Amino acid sequence: MFSFAAFGNDLHSGRRSIDFIGRRRLWYLIAAAAILISILSLGIRGLNAGIEFRGGSEFTVSDVANTNTQTAEDAVLSAVPTAESPLVSVVGSKGVRVETGKLTDQQTTQVKESLAKAYAVPDTNVTSTFVGPSWGQDVTGKAVTSLLVFLVLVSLVITLYFRTWTFAVAAIVALLHDLLITAGIYALIGFEVTPDSVIGFLTILGYSLYDTVVVFDKVRENTDHIESTTKRTYAEAANLAVNQTLVRSINTSVVALLPVGAILFIGALLLGAGTLKDLSLALFVGIAAGTYSSIFIATPLLVELRSRQPEMKAQEQRVLKRRRDEKVRAVEPVLAGVGAAEPVLDGGAAPAAVAVEPKRELRQQGAGGQRQQPRRGGGAGRNRPGGRRS
């Protein structure tokens, strides 16, 4: 019976091994396909920016008996026929939120009255809010600036911690992979991007880096002073590190995804909490993408960069040379034993290999390159009839 704990122990001890590094081209291909889909989604569909970013008017209708979204859309267009098509979403079990473009004060009053009449609620149950586009632009600019500063600081910290720039480059590439995949999912599904979504994006930055640094720390432990050893190459030591941290990464991701998935599928989809949906989707996609990138993108890319350095190339050649020499030493005794002749012992039967050319075996070369003749009356001649020289 399969045991996950036993499987993890085998991976950690090296009795089993999954070749993550050797198949890195496959992982790159999968990541490239996902990134291509994300880019196409962003280019064709684009992000569905919330009202906080594009500006406009927002109406909230509470304590309604029927949360039919088409009712709100018809009410807005009947009050202001020139208004852009509103975005309607259900809030909770008895609320409806309507987002539309910028309206004048008179148009805002008409829309409120139309919504109250359509849902048969008092005018006090309909609230309106106007958000200017400048606020969204300011938030977007600050978010981009914060992201750039964050990436620079993280690169410096990782470089100083691991004492080489290759770790920082691999970690940042994996991080950008996670952000691009998450943004592509938002564009593909059409989920609205709100300030809560931005909070989710910033949260997955920390999680993705955390998981990547854990794997990198094990890689550094396995490759410490590897330049002076010939036991394994850098790629093999890094692959062992990924196998040793695989179970830990899976367990951490599952534990993180379970509550986030509950918030997304129960809180947002079943209960209709729009704020939870914006936050939980970014977290769910980001955590899943971060787990993939830590194992299949960051570490293989790190090996790719480190293997190109001269000291790593020289170390790999020494490892391969040692293994070739070991194979030769293991084969030499076998080859020597195939045609070798065993000596004839007194009183024993001569082996079959000796009987092939008995005269040639007796003509041994003595010192100085002359043939050594057997002595008469003694030595080898005593064992022959009459002591004659052969």
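Strand β2 (residues 56-62) and strand β4 (residues 95-100) run antiparallel, joined by six bridges. Strands here are DSSP runs of E with at least two residues, and helices are runs of H or I with at least four, numbered from the N terminus. Within this pair, Ser57 has Thr100 of β4 as its bridge partner.

This is a predicted model: local features need pLDDT of at least 70, side-chain atom pairs count only at pLDDT 80 or more, and totals for chains, interfaces and linings use all residues. Residues are numbered from 1 along each chain as its sequence is written, and side-chain values use heavy atoms, with hydrogens and water left out.

The open sheet has four strands, ordered β3-β4-β2-β5, with antiparallel pairing. Two strands pair if DSSP finds at least two bridges between them. At the edges sit β3 (87-91) and β5 (126-131), each pairing on one side only. The twist averages 20° from one strand to the next.

Helix α4 (residues 69-79) lies across β3 and β4, at about 140° to β3. Angles run from 0 to 180 degrees between N-to-C directions, with axes fitted to C-alpha atoms, for helices over the stretch in contact. Contact means heavy atoms within 4.5 Å.

Now the helix pair. Helix α7 (residues 165-189) packs on helix α8 (residues 195-222) at about 145°, axes 10 Å apart. Residues in contact include Phe167 and Leu175 in α7, and Phe201 and Leu209 in α8.

Finally, the whole chain: 12 helices and six strands. Of its 390 residues, 38% count as buried, meaning under 20% relative accessible area with a 1.4 Å probe, protein chains only.

Notes. Buried means under 20% relative accessible area, exposed over 50%, partly exposed in between (1.4 Å probe, protein chains only).
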